[in-house]
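Trainee: I would like to learn how to read contacts between aromatic rings. Could you take me through an example, step by step?

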Amino acid sequence: SSSSRAVRFSSFMAGPNDEVQVYHGGMSPSIGQAPEEGPSVATLADLQLRNSTCWTPAQRSAAAMVASRLIGDIPTRDVSTVGLAGAPGSGKSSLARVLSAVLGGLGINAVVVGLDDYYLGREERSRLTRVHALFEDRGVPGTHDWSRLIDDLDRLRSGEIEGLFLPRFDKLRDQRAAPETFEPVLNVPHVVIVEGWLVGAPPQEESELDCPINALEAEQDSEGAWRRLVNKYLARYHADLRSRLDRSWFLAVPGWTFVVDWRWQQEQESARDRDIECQLPDRDSVERFLQRFERIARHMQDTCEKWADQIVEIDSQHIMTWASK
């Protein structure tokens, strides 16, 4: 029955000096059932993070503790749905993967729905340029296959997963990957993590859209038509997710300069791992590219205490800290 799938996630929350035990059973623990003896959740998270060469020991240790606390924040539901947001380069995709793996180690089936996998392809976005030329570049609200994302999310939440395949987006080719590469959903999840840079963000007030905030807006959207359309799409995204997310988590960065630096670092690491040239050849190119995201990212940072249930602060060394509200 659906009630038998409910999980008491608060049992897995790790405090600063706690050693929370991992459940090792074949089924997820039911309400009131204590986890069996095993390593702590933070230890399991740290082991997952060691697979990445991009994390220093200090970053790993801090992220592992944050992961354990986020797991403890997941509410008890038949299917719990959480949103994980943060500026480009903040580490949200890596953290989502760690959370999913740790939950799996607890015997809790988790599915990550990545916003980036729902981008419209290059040809689909080219049709949006009839509305405004800036919609040619993926990233902002309006450049996603939003209806499909919401449909997939509703199926995951309801357990109607038969024949459900989650899409993948090929950023190198700038189009949706071949259907045979899509990820099949074989089991009803206990937790759905919706991960994306603007997940949960509310729209701005109309008065906040009057003045350009960077060179891109000043040069290519001087009248504000593009940013007003983007804001209308953002309002739709927010409304659709507000009724579906049980919790919203936000990774707060120390400043916009760090967003550019970290995104440039990611660009170099991705190119090195794939043995290809960087799509954005230098830091200046990264900074120009990120100007499309800057308005909403700054808005999210300024307003996160109003809409995010939990905030994780990231310092200049990219070390995460749990920030209680």
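Predicted model: local features only at pLDDT ≥ 70, side-chain atom pairs only at ≥ 80, totals over all residues.

Trainee: How many aromatic pairs does the count come to?

Mentor: Two rings are taken as a pair if their centres lie within 6.5 Å, and by this rule the count comes to seven aromatic pairs.

Trainee: How are the rings of Trp146 and Tyr237 arranged, and why?

Mentor: Planes under 30 degrees apart count as stacked; the planes of Trp146 and Tyr237 are at 5°, with ring centres 3.8 Å apart, so this pair is stacked. Because Trp146 lies in helix 5 (residues 146–158) and Tyr237 in helix 7 (residues 225–242), the pair ties together parts that are 91 residues apart in sequence.

Trainee: Are Trp146 and Tyr237 buried or exposed?

Mentor: Buried means under 20% relative accessible area, so Trp146, at 4%, counts as buried, and Tyr237, at 2%, counts as buried too.

Trainee: Which arrangement do the rings of Phe289 and Phe293 have?

Mentor: Here the ring centres are 5.4 Å apart and the planes stand at 55°, so the pair of Phe289 and Phe293 is tilted. Both residues belong to helix 9 (residues 283–307), where, being four residues apart, they are separated by about one helical turn. Phe289, at 22% relative accessibility, counts as partly exposed, whereas Phe293 is buried, with a relative accessible area of 4%.

Trainee: Which residues form one aromatic cluster?

Mentor: Phe289 and Phe293 form one together with Trp197.

Technical notes: Residues numbered from 1 in each chain as written. Heavy atoms only, no water. Phe/Tyr/Trp six-rings, centres within 6.5 Å; stacked < 30°, edge-to-face > 60°. Helix = DSSP H or I, 4+ residues; strand = E, 2+ residues; numbered from the N terminus. Buried < 20%, exposed > 50% of the residue type's maximum accessible area, 1.4 Å probe, protein only.
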